[in-house]
Amino acid sequence: VKDKVKSIEVLSEADTKTLLSKFNTGLTTAKIVRLTLISGASLLAQHVVLADQGTCIGRANVPAFLGRVSMASEALSTEKNTSAAEVANALEERMFIAEDNLDLSKLEVAQKRVCIVGGGMTSIHLAEQAVGKGAEQVYLVCKGKLDNKRDFEVEAGWMGGKYMRKFVKLKPEERLEIYKENRGDSTLSNKAKGVLDCLEQKSSFKLLSETYVASVGWFEGHWKLDLTRKKCAQCLSCDYIWVAAGTSFDCISEPIIQDLQNISRATIVGAYPLLNSTSLSWPGISNVLCMGALAALSLGPSAKYCHGFRTAAEKISKAILSPSNYVAPDTDVDVLRQQV
């Protein structure tokens, strides 16, 4: 279904029985979940797995300079004013956020100048694509040195019992700190580092590390960027800006999580909920199950990577296929109560 969820609700047992008898489904589940979509349509489900971008990995970070584009554009136009319509059009057609609205298949960058802002594997992938598509010049602007290399996004010990056996026994606040320290943000795989090394050999690519974007303005058909690099000012001009600044996660900012909190309140530690550690279900709602960053306090630093998704899928599939074996106390919640 090409649509987005607007709200979620859990029907009462009485309403559920009425629906099941009306449609003669043969299902015997205690409660049915109803999803209301942006289009106005509704979906009824026996189980719901939260696996969208907002709940799994978070929302795209938006750099501060994006909020000042209009002001910077006006400042550049000392003689010929840049209209608000021109700036709005440029923001829509010439500036993209990788985790949100960037679709490389629809962009023609041959003989164009592309500036990529970001310091992780996504930014390197975008740079490789831009160079491969024949861009005249590709700039990669990042605050760090792009030298934080790892074999995996997180240490291999987090992909099994080596670290996780101790992790699940810790207090939720301790788990949160360990998760933040080990979640692998802004790291490069060996492959990504190899790609970057190859790009640096090309005249059409330039890496600007330890560089900050002070301001961005649209002027005379191009983006003009004011940069600060090692305490020195620098300017560059380009046709496209692609932002790959990663994501930030805060579950309570997601409308669907707000709905779940109104139905059955979960304990939130930092930005993460305490789930049923056995099934990854939302506390008090056994047929709404979570994965990705939502399950970080249950699955550890690998939660939003491939291994974490696989572990979550195993737990969730077992809970759905053998529910009688997984109607267990909310282990993490009980541990929290004991500690309090």
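Two strands count as a pair here if DSSP finds at least two bridges between them. Helices (H or I, at least four residues) and strands (E, at least two) are DSSP runs, numbered from the N terminus. By that rule, strand S2 (residues 33-37) pairs with S3 over four bridges, in the antiparallel sense. Keep in mind that this is a predicted model, where local features need pLDDT of at least 70, side-chain atom pairs count only at pLDDT 80 or more, and totals for chains, interfaces and linings use all residues. Residues are numbered from 1 along each chain as its sequence is written, and side-chain values use heavy atoms, with hydrogens and water left out.

**The open sheet**
- S1, S2 and S3 line up in that order as an open, antiparallel sheet of three strands.
- Strand S1 (5-10) and strand S3 (42-45) sit at the edges with a single partner strand each, so one side of each has no neighbour in the sheet.
- From one strand to the next, the twist averages 20° (axes are lines fitted to C-alpha atoms, for helices over the stretch in contact, and angles run from 0 to 180 degrees between N-to-C directions).
- If you want a spot to look at, find threonine 36, which stands opposite serine 42 in S3.

**Strand S7 and its partners**
- Strand S7 (residues 113-117) is mostly covered, with four of its five residues buried (under 20% relative accessible area; exposed is over 50% and partly exposed in between, with a 1.4 Å probe and protein chains only).
- S7 runs parallel to strand S8 (residues 137-141), and five bridges link the two; valine 117 has valine 141 in S8 as its bridge partner.
- S7 is also parallel to strand S13 (residues 240-243), through four bridges; here isoleucine 116 has tryptophan 242 as its bridge partner.
- Together, S7, helix H5 (residues 121-132) and S8 make a right-handed β-α-β unit, right-handed meaning that, with the strands pointing away from the viewer, the path from the first strand over the helix to the second runs clockwise.

**Helix H5**
- The buried residues in H5 include Ser123, Ile124, Leu126, Ala127, Ala130 and Val131.
- They cover an arc of only 160° around the axis, which puts them on the same side of H5 (the arc is that of the directions from the helix axis to the C-beta atoms).
- An α-helix has 3.6 residues a turn, so residues three or four places apart point the same way.
- The buried residues of H5 pack against S7, S8, helix H8 (190-199), strand S9 (205-208) and S13, where contact means heavy atoms within 4.5 Å.
- Just after H5, glycine 134 has a positive phi of about 90°.
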